[in-house]
Each structure stands twice: as C-alpha cells, then as structure tokens.
Amino acid sequence: FRLSLEAEERTRKGVAMELHDDLAQDIAAARMLCERIGCAGDATLAREAAAILVGVNAKMRGLSSELRPPELDASGLGAALRALCQDLERKTLHGIRFVGDEAIPRLPELVALNAYRIMREAVANAFKHANKGGIMLTSTLIDDGHGCEALVLEVRDDGFEPQDADRAEAMELRGSGLGLRAMRERAESIGATLTIAIDPDGSRVVRQIDCGTGG
C-alpha cells in the first residue's frame with residue numbers, strides 16, 4: 001500500500017507540474033493575444049474569448065491544486081491545511097475554519113501528503129454528513145511523553161441528525177465507508193495514530209504524528 005501511495009503521488013506531482021508549467025502558460029499567452037486582437041478587430045468577440053480562457057485557466061489551476069496543493073511544497077502542511085479550509089469555505093459558503101499555528105515542523109513528504117489527504121477527506125465527510133453549524137480543523141503540537149514533539153490534527157463538526165445514528169455507527173464499527181477505510185489505510189501505512197469518533201452531538205477525526213520520526 002505504501003508503494004502504491006508513493007507511485008500515486010509521483011503521478012500527481014508530474015501531472016500538477018504539467019498543468020501549471022505548460023498548459024497554464026499557453027492559455028495565458030493565448031489570452032494576451034486575444035486582448036491584442038481586440039485593439040484592432042472585433043473587441044466584443046475578443047473579450048469573450050479572453051473571458052473563456054480566464055475560466056479555463058482557473059479550472060486548470062484548481063485541478064493542479066487538487067492533485068498536489070502548492071502550499072504544501074512552498075510553505076508546509078500548516079499553510080496547506082489553512083488554504084484547504086479557505087478554499088472549501090469559499091466554494092461551499094459553509095463555515096470551515098482552521099485554528100492553530102501554521103509553523104508545523106517539516107515532515108517527510110509522504111507523511112505530510114497523507115496527513116493533508118486524511119484531513120481533506122475528514123473535512124469533506126463532515127460537510128456532507130454533519131449539520132451546517134460549522135467545521136473546525138485544528139493543529140496542536142504536544143509532548144509525546146518521550147521528549148519529542150507530536151502533531152495532533154483534529155477535524156470536529158457539530159453532529160448530525162439522530163435518525164442517521166444507526167448508519168453512522170455501522171460505518172464506524174465496520175469501516176464500510178470507503179472514505180473512512182482509505183483514511184485508516186493511509187494512517188497505518190506511515191505508522192500514525194488515527195481516531196474516528198462519530199457522534200450525533202459532534203464527530204471528531206484525530207490524527208497524531210510523531211514529529212521526530214514522521215510516523
């Protein structure tokens with residue numbers, strides 16, 4: 001499973017770079033040409049063409065970010081998690097907050113990527129299944145009891161309707177939800193601790209990572 005994750009991330013990284021460095025630049029160049037045509041030709045059509053290219057460019061940059069968040073490489077896990085919450089809040093118009101220090105110690109690449117993807121899945125699940133009162137993603141550095149720092153990442157929502165309790169409990173106990181299973185497998189592949197507590201009064205997904213070993 002670990003090898004398959006590494007292969008998946010290599011593919012994502014390659015596609016993201018291709019989208020960002022090649023196709024996105026071509027589209028930007030085409031946009032500038034359309035704007036120049038507007039000075040001498042049909043300005044209305046040129047503006048419409050430029051607007052279409054702007055939309056395509058935005059979609060491609062969004063896809064690139066989905067494949068591999070640029071903040072993760074540029075600024076680290078904390079910045080990537082904050083950007084994730086801000087992006088989802090903008091798209092969904094739902095209260096999704098990141099609380100914590102962005103200055104998370106640099107983790108091994110695969111550990112940071114798995115942490116990001118687990119938290120993204122947890123936030124997405126909370127948005128789909130929880131009440132719409134708000135979702136919070138927190139990051140906290142603690143002492144792991146052995147003289148090293150550990151990073152605790154937690155996604156908390158405000159619960160769900162009581163009639164959904166039986167289905168939620170079954171998913172938690174059997175791991176039948178594909179999202180929950182993928183989260184557990186990602187955590188196990190790097191030796192991290194993952195706790196999932198589904199509750200009508202407020203569910204929590206907690207992941208603890210040893211900053212000293214990255215596990």
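Which strand does Ser 139 lie in? Ser 139 belongs to strand S2, where helices (H or I, at least four residues) and strands (E, at least two) are DSSP runs numbered from the N terminus. The model is a predicted one, so local features need pLDDT of at least 70 and side-chain atom pairs count only at pLDDT 80 or more, while totals for chains, interfaces and linings use all residues. Residues are numbered from 1 along each chain as its sequence is written, and side-chain values use heavy atoms, with hydrogens and water left out.

Starting with the overall layout, the protein chain has 7 helices and 5 strands. Read from the N terminus on, the elements go α-α-α-α-β-α-β-β-α-α-β-β. Of the 215 residues in the protein chain, 40% count as buried; buried means under 20% relative accessible area, exposed over 50%, and partly exposed in between, with a 1.4 Å probe and protein chains only. Among contacts (heavy atoms within 4.5 Å) in the protein chain with a separation of 6 or more, 68% come from residues 24 or more positions apart.

At 9% relative accessibility, Ser 139 counts as buried. Leaving out residues up to four places away in sequence, Ser 139 touches Phe 98, Val 99, Gly 100, Asp 101, Ile 104, Leu 151, Val 152 and Leu 153. S2 pairs with S1 in the parallel sense over 5 bridges, and 8 bridges join S2 to S3 in an antiparallel arrangement; strands count as paired if DSSP finds at least two bridges between them. Met 136 in S2 stands opposite Arg 97, and Met 136 also stands opposite Arg 156 in S3.

Next comes the nonpolar interior. A nonpolar core here is a set of buried Ala, Val, Leu, Ile, Met, Phe, Trp, Tyr and Cys residues joined through side-chain atoms within 4.5 Å. The largest such core has 34 residues, and the members touching the most others are Leu 77, Leu 81, Leu 107, Met 119, Leu 137, Leu 151 and Leu 153. At least two residues of this core come from each of helix H4 (77–92), strand S1 (96–100), helix H5 (109–129), strand S2 (135–143), strand S3 (149–156), helix H7 (178–189) and strand S5 (204–210). H5 gives the most, with 10 residues. Leu 137 touches Leu 81, Cys 85, Arg 97, Phe 98, Val 99, Met 119, Val 123, Glu 154 and Val 155, again not counting residues up to four places away in sequence. A second, separate core holds 8 residues, including Leu 19, Cys 34, Leu 53 and Met 60.

Now for the helices around these cores. H4 has 16 residues and reaches 22 Å from its first C-alpha to its last, close to the 22 Å expected at 1.5 Å a residue; the expected span is 1.5 Å times one less than the number of residues. The buried residues of H4 are Leu 77, Gly 78, Ala 79, Ala 80, Leu 81, Leu 84, Cys 85 and Asp 87, and they pack against helix H3 (70–74), S1, H5, S2 and S3. Cys 85 has a relative accessible area of 1%. After H4 comes Leu 93, with a positive phi near 60 degrees.

H5 has 21 residues, and 15 of the 21 are buried, so H5 is largely enclosed by the rest of the structure. Glu 109 of H5 is partly exposed, with a relative accessible area of 46%. Beyond residues up to four places away in sequence, Glu 109 touches Lys 13 and Arg 68.

Helix H2 (residues 43–67) has 25 residues and spans 36 Å from first C-alpha to last, close to the 36 Å expected. Its buried residues are Ala 46, Ala 50, Leu 53, Asn 57, Met 60, Ser 64 and Leu 67. An α-helix has 3.6 residues a turn, so residues three or four places apart point the same way. Gly 62, also in H2, is partly exposed at 29% relative accessible area.
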